[in-house]
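Subject: Model handover

Hello,

Here is the model I promised to pass on. Please open it alongside this note, and my findings follow below.

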Amino acid sequence: MQEMKIGPSTAREHLLRPQSGQKMKLKEKFVEIYDMFLRGQDPAQGKDPDVFWDELFLIKVNEQYLSSSLAQTSEDQLLAIKDGINSIFLHAVQTMRDPLPQRRLHAMQTLTIVLGEIFRKKFHNWSFDVIHLLTGLSHADLVFRTLVQGLGSILGSDESLEIQVVALRLAIALACGNDNVNKNSLNEYFMQKDIFSSLIKFFVTVESVSLASEAMALLGLLANYNKYEIQNPYLTNLSALKDEVALRKMSMIIAHTCDSMRRGYVEVMEDDGLSTVSKLTSALSYVTGMLWNPKAQDSSITDAVFAQLPDGRVTVLLVFYDLIYTNKLFLRTFLNYSASATSDPQSPTEQPAKLEASETGLGSFLSFASYLLQHNRTHRTSPYTHLCLIIILILVEDPTSYPYLCSIPQSQDIPSALLAGMNTTSTVRLCRQRQPVLPKVKQARPMAAVLLDVILGFLKHNMKKKMQVDCFRIAVAIIFALASRFKALRVRLPYHWAEMWNTLQGLVKFLQVNNKGFEHQPDARDLVAETIDLVNFFVTFGDLIMPDPASLYALYYEIVRSGVDPFSDLTKQFSISVQPPLPAPLPHHDLISRNRLNLSSSPTTTPPESALSSPTPASATILGSPPTSPFQSYRSPSPLSAASAAVMQDRVIIIDLSNINQVHTFFFTHLLAWRDANPTRSLGPDLVSTIIKNHYQDLTLVPIPLDTFLSQRQSVGSNISSNALLGTKGYTGNNAGGMVAGAAGPHPGWDGYSEVPGKVPFFRQLTRWVVADLRTISKEHAVAEQRRPSTTRSMSG
């Protein structure tokens with residue numbers, strides 16, 4: 001130890017202990033040595049170099065001192081002492097192969113801190129200066145290859161958990177060096193020295209949930225490094241992974257992480273239904289000002305807390321997406337995952353009082369997604385919201401998902417053996433923290449109904465002038481994919497369809513009122529066309545999807561109430577062609593006549609079923625024989641002609657409003673006739689629905705070209721190989737269930753999801769957030785582990 005006089009307090013004055021009654025303090029040896037390095041001096045001068053470095057890496061690393069000292073050293077100062085930084089880095093990498101575990105541990109801790117602090121610096125030429133500072137240009141390849149190879153050896157070995165955890169954190173620090181993962185040239189060494197197998201082995205064997213999720217997030221980040229420019233080995237290996245143990249654990253980690261992140265929202269504001277007594281107690285407490293949880297009642301406080309959610313564990317969604325998109329075996333494993341069949345990976349020391357975990361992996365994901373999508377208010381949550389919607393779209397476009405979403409015949413789309421004992425209904429907790437809320441369903445229901453609630457929650461709570469148009473297009477495509485698949489499978493879904501109609505009508509009105517704000521958004525025209533197409537599809541084929549006539553009558557009620565004007569006005573505002581042109585309105589179908597019917601207010605719920613039909617079934621049902629439908633069958637036209645394809649390339653969007661107009665004209669005429677025959681009676685929602693019911697059999701609708709395209713796409717999509725389609729160079733992804741080869745949909749929204757080329761800019765931007773969040777959550781976990789007693793660290797999660 002060396003003594004020094006007390007002087008002005010500095011950040012680098014880290015002392016071993018105060019000396020009572022003296023004016024001298026002892027400086028820690030670690031601090032003393034690194035102080036010399038940072039002053040440009042060589043503490044090994046005059047000593048045996050091998051002995052010096054062996055002794056240095058036996059000393060416990062003072063992480064706080066080293067981190068703060070490097071943080072306060074400017075870029076120019078670091079470059080001026082690059083010889084010392086070079087020496088520290090080179091010897092630390094060499095010591096990773098030392099036979100003494102303590103030296104390996106301290107060497108990797110030093111490397112993690114040095115890399116993390118240097119990566120934060122704003123160098124003029126980032127890649128060049130960082131490599132120049134750490135290793136020098138002549139030694140870079142050898143040193144970094146040795147470093148990555150050493151990390152792989154440790155993670156894939158039987159080393160102690162403590163050493164493996166430090167190796168994992170060092171790998172994360174290296175991969176997250178640059179906010180733009182594709183600009184971090186050091187990640188090229190991960191491509192040259194593939195550590196995928198080592199990461200998977202560590203992931204499978206580690207008991208800690210948090211460590212397993214960090215390993216998964218690192219895999220996802222590495223799999224997205226320049227995946228459009230190179231044959232990324234991590235992405236290739238993820239898509240080809242067939243280790244059922246690893247896939248089951250990945251499903252468990254994703255489900256557990258989603259449950260935990262959902263719990264973060266619930267801790268801010270409890271939104272579960274209360275009993276009558278609890279409601280009265282809460283109301284009394286509010287009146288008296290003695291609130292049980294004042295923090296939860298202060299909207300400004302709760303909004304600020306919600307803005308920080310979810311935490312960095314959300315980075316696991318990136319690898320979840322890659323697996324869902326490219327690995328069919330993982331998709332099946334995830335859909336089959338059940339929490340009740342898997343032991344809880346948490347240790348008793350960290351289990352919450354009430355986890356409230358969903359029964360299935362899909363339920364856990366949808367539960368978390370409902371909270372994230374409704375609290376989408378920041379620049380950080382926007383890309384993760386977008387990613388969640390893409391994941392849901394991939395799920396609903398894949399035919400193999402439907403046995404898990406609803407009951408389907410065992411002869412369709414999936415081997416009957418997999419359906420044996422399959423429970424397609426579940427109770428999933430969904431977000432009810434923002435008004436308006438959807439009806440709460442207490443009993444188990446098909447997962448498809450839960451999924452629709454998640455999407456409606458997103459639509460209702462994200463209609464704003466600066467809304468994410470691309471996300472709304474995905475949401476509409478999800479509803480459309482479900483509806484068209486239900487039609488093809490002849491499945492009726494029990495659902496509060498009136499909420500669907502109210503939401504879609506609200507979206508149409510919102511787009512109509514705010515059309516000026518969307519003029520310069522390229523996706524706005526497609527969103528308008530796709531929304532109208534979706535309404536048109538429900539108008540035409542709703543009787544084949546809905547479980548009871550009341551749900552369809554509620555849709556027709558909305559059409560009659562609003563008229564065709566909102567749809568035709570939107571087509572004019574966004575330069576969308578209506579073919580065939582709408583006929584001139586009948587003389588008595590003017591605004592004055594519409595006001596005479598007093599239909600300006602929409603019912604908030606489906607009209608009473610007592611006068612309309614039998615009660616809604618408890619589960620999805622299969623049609624035994626087709627019911628009488630207003631849709632008249634016709635011969636399917638030939639595929640799109642070359643002329644039509646040319647029109648689409650010119651971005652001319654064509655919409656058919658014939659059926660929407662026919663529903664409005666037909667029922668409006670009957671309602672006017674009833675009103676004229678009964679001038680003293682009022683037309684309430686119940687009576688309107690009864691009139692619709694009485695005249696429904698006389699309604700005739702026309703075919704829509706969209707149906708032919710969907711039938712072609714689904715028949716081809718069901719037969720596409722489940723193998724991931726990875727090209728020899730770049731990334732093409734798995735387009736199973738996508739568009740028919742050589743054909744295109746009526747407009748791009750119905751072509752099926754494909755990452756390339758449309759989503760390339762999005763994923764380049766998303767990885768920036770993933771880098772920042774993975775870097776943050778890794779440090780938070782490290783700090784939490786340091787505070788935890790050493791006896792419980794090995795089992796922490």
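Is Cys-176 buried or exposed? Cys-176 is buried, at a relative accessible area of 1%. Cys-431 also counts as buried, with 6% relative accessibility. The count of disulfides is zero. Keep in mind throughout that this is a predicted model.

Overall picture

The chain has 797 residues, and 54% of them are buried. Its secondary structure comes to 36 helices and eight strands.

A helix pair

Start with H21 (residues 381-397) and H24 (residues 447-461). Their axes come within 12 Å and cross at roughly 145°. The crossing is left-handed. On the H21 side, the contact uses Thr-385, Leu-389, Ile-392 and Val-396. On the H24 side, Leu-451, Val-454, Ile-455 and Phe-458 meet them. By class, the contact residues are seven nonpolar, one polar and no charged.

Salt bridges

The count of salt bridges is 23. Three of them are described here.

Next, Asp-773 bridges to Arg-380, with 3.1 Å between the closest N and O atoms. Asp-773 sits in helix H35 (residues 760-787), while Arg-380 is in the loop between helix H20 (361-374) and H21, so the pair ties together parts that are 393 residues apart in sequence. Both Asp-773 and Arg-380 are buried.

Then go to Arg-473 and Glu-530. Their side chains form a salt bridge at 2.6 Å, N to O. This pair, too, links distant parts of the chain. Arg-473 belongs to helix H25 (residues 469-489) and Glu-530 to helix H27 (residues 524-541), 57 residues apart. Both Arg-473 and Glu-530 are buried. Which residues join them in a network? Asp-523 and Asp-526 do, through salt bridges that share partners.

Backbone points

Most peptide bonds are trans, and most residues other than glycine have a negative phi. The following places depart from that pattern.

Two cis peptide bonds deserve a look. One joins Gln-435 and Pro-436, with omega about 0°. Pro-436 is in the loop between strand S3 (425-426) and strand S4 (445-446). The other runs from Val-756 to Pro-757, with omega near 5°. Pro-757 lies in the loop between helix H34 (705-717) and H35. H35 is also the helix that holds Asp-773.

Now phi. Arg-490 is not a glycine, yet its phi is positive, near 60°. Where is Arg-490? Arg-490 lies in the loop between H25 and strand S5 (491-492). H25 is also the helix of Arg-473. Is Arg-490 buried, partly exposed or exposed? Its relative accessible area is 30%, so Arg-490 is partly exposed.

Ser-575 also has a positive phi, about 55°, although it is not a glycine. Ser-575 is found in the loop between helix H29 (565-573) and strand S6 (577-578). With a relative accessible area of 56%, Ser-575 is exposed.

One more residue

Finally, check Gln-109 in helix H6 (residues 101-119). Gln-109 counts as buried because its relative accessibility is 16%, and the cut-off for buried is under 20%. What does Gln-109 touch, leaving out residues up to four places away in sequence? The contacts are Val-61, Glu-63 and Val-166.

Best regards

Terms used: Residues numbered from 1 in each chain as written. Predicted model: local features only at pLDDT ≥ 70, side-chain atom pairs only at ≥ 80, totals over all residues. Heavy atoms only, no water. Axes fitted to C-alpha atoms, helices over the stretch in contact; angles between N-to-C directions. Helix = DSSP H or I, 4+ residues; strand = E, 2+ residues; numbered from the N terminus. Left-handed = near helix turned anticlockwise from the far one by under 90°. Contact = heavy atoms within 4.5 Å. Nonpolar A, V, L, I, M, F, W, Y, C, P; charged D, E, K, R; others polar. Salt bridge = Lys/Arg side-chain N within 4 Å of Asp/Glu carboxyl O. Buried < 20%, exposed > 50% of the residue type's maximum accessible area, 1.4 Å probe, protein only. Disulfide = S-S within 2.5 Å.
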